Amino acid sequence: MQTEILIMKKVYLILPVIAAVCGCSALEDSSPYSATMNNLKVQVEYPEGFGTLLREGIAVKVEDSSKGGSYIARTDGNGIADMTVPNGIYRLTVSDRSEEYVFNGALSNVRLVGRDLSLTLELKESRSGDIVFKEIYNGGCAAWPLEGTYQSDKYVILHNNSSEVQYLDGLCFGTADPYNSQGTNVWVKYDPETGEASYPDYVPVVQVIWQFPGDGTSFPLQPGEDAVVVCCGAVDHTVQYPLSVNLDKEGYFVCYNNVYFPNTRYHPAPGPHISQDRYLEVVLKMGQANAYTFSVFSPAPVIFRAEGMTIQEFLDTEGAVIQKPGSAVDRIACIPTDWIMDGVDVFYGGSSKNVKRLQTRIDAGYVTLSDIYLGHTLFRRTDEDLTAAMGYEVLMDTNNSSEDFYEREEQSLHE
């Protein structure tokens, strides 16, 4: 049975203040807290051509970046959420969907200290992905019955969330820079007034690009079917570490190349049940590490396909691979945002300095791993209604991992 980890945050419902009806303000002037309260008005704006979607009751989530509390306000008939909040630095998110599109918007670092503020939150449209991440296991586990901890057992699971057969052949897999959400992020700039984030028109993929092998139809994925991708250690880890997982199973794929990544602690030779035709190929190695650096704290994995050319042809074009600003050694692959099929921003619960790496149209939110070495995993929720209607497992996909994912207490592959 899946068990959700409930993050200990207070959630408040903020109602608009209608002075004409109640004859009062949010707080009386005599309140000792009046100096710390601020009015915030948020105008939700849909992309051009989708204005008819404007409607009442859309949730605007307001999170206090430093104190951890969160609030929810709902829009009126004009798409405006009107609320009163205490001094703080906030992150605002909105998610909505139509039959065909999902809409997400986010503003970060909105500073409300001794002032009122009116701002516009623009939504970006995107489509649900045919292939999506179902699970991300990166945090490791306890080494019991031995002393210490263990992290050489990372994996992700991909899922065909569409009604048609999808092919893994040629699909690319990587992680966005920086490796950790709490690391220095040179790619995102914020408007000091509104908190609006500015991203490049690409995702900066770091260290390596992996690609599924195949001739185009070698590796079909049926509707509702999963594919396990071992990031390191395609062996049975439970032999020595019972709290870990067995990653030596028929049908699993593995990120393995002992020329580029010879560190056998993280990349031992795959077990006997892993066929060599399921080794992912290294398209380009850009980093210096001798093991694939899939963050134990907070990776931002992405999957993508090149369009109109092969991925190698793209990487050979001018400007496709650049030097990371401020680094003399790290190079970055600039993967066009439109090529990204799915991506998940993972935050580390042990840090208050997490910064998003993925644009709103890829992932408007984030999912938090509360701590490392617990054997916990990040798992996508099932859309129960669609699953019942379609007859196969359909996962939630709003392109907002705050809504789509949760932290569960045990890896799904644990036996």
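**View 1. Lys154 and the residues around it.** Leaving aside residues up to four places away in sequence, Lys154 touches Tyr137, Asn138, Val230, Cys231, Cys232, Leu247, Phe294, Ser295 and Val296 (contact means heavy atoms within 4.5 Å). This is a predicted model, where local features need pLDDT of at least 70 and side-chain atom pairs count only at pLDDT 80 or more, while totals for chains, interfaces and linings use all residues. Residues are numbered from 1 along each chain as its sequence is written, and side-chain values use heavy atoms, with hydrogens and water left out. Lys154 sits in the loop between strands E12 (149-150) and E13 (155-160) (strands are DSSP runs of at least two residues, numbered from the N terminus). Lys154 is buried but has no salt bridge, with Asp153, the nearest side chain of opposite charge, 6.2 Å away. Buried means under 20% relative accessible area with a 1.4 Å probe, protein chains only; a salt bridge puts a side-chain nitrogen of Lys or Arg within 4 Å of a carboxyl oxygen of Asp or Glu. A polar atom of the Lys154 side chain does lie 2.9 Å from the backbone oxygen of Gln151.

**View 2. Tyr150 with Tyr241.** These two rings form a stacked aromatic pair, 3.9 Å centre to centre with 20° between the planes (ring centres within 6.5 Å make a pair; planes under 30 degrees apart are stacked, over 60 edge-to-face, the rest tilted). Tyr150 is in strand E12 and Tyr241 in the loop between E20 and E21, 91 residues apart. Both tyrosines are buried.

**View 3. Phe219 with Phe253.** Here the pair is edge-to-face, at 5.2 Å and 75°. Phe219 and Phe253 are both buried.

Conventions. Helix = DSSP H or I, 4+ residues; strand = E, 2+ residues; numbered from the N terminus. Buried < 20%, exposed > 50% of the residue type's maximum accessible area, 1.4 Å probe, protein only. Lys, Arg positive; Asp, Glu negative; His and termini not counted. Polar contact = N/O pair within 3.5 Å; in protein donor to acceptor, adjacent residues only side chain to side chain. Phe/Tyr/Trp six-rings, centres within 6.5 Å; stacked < 30°, edge-to-face > 60°.
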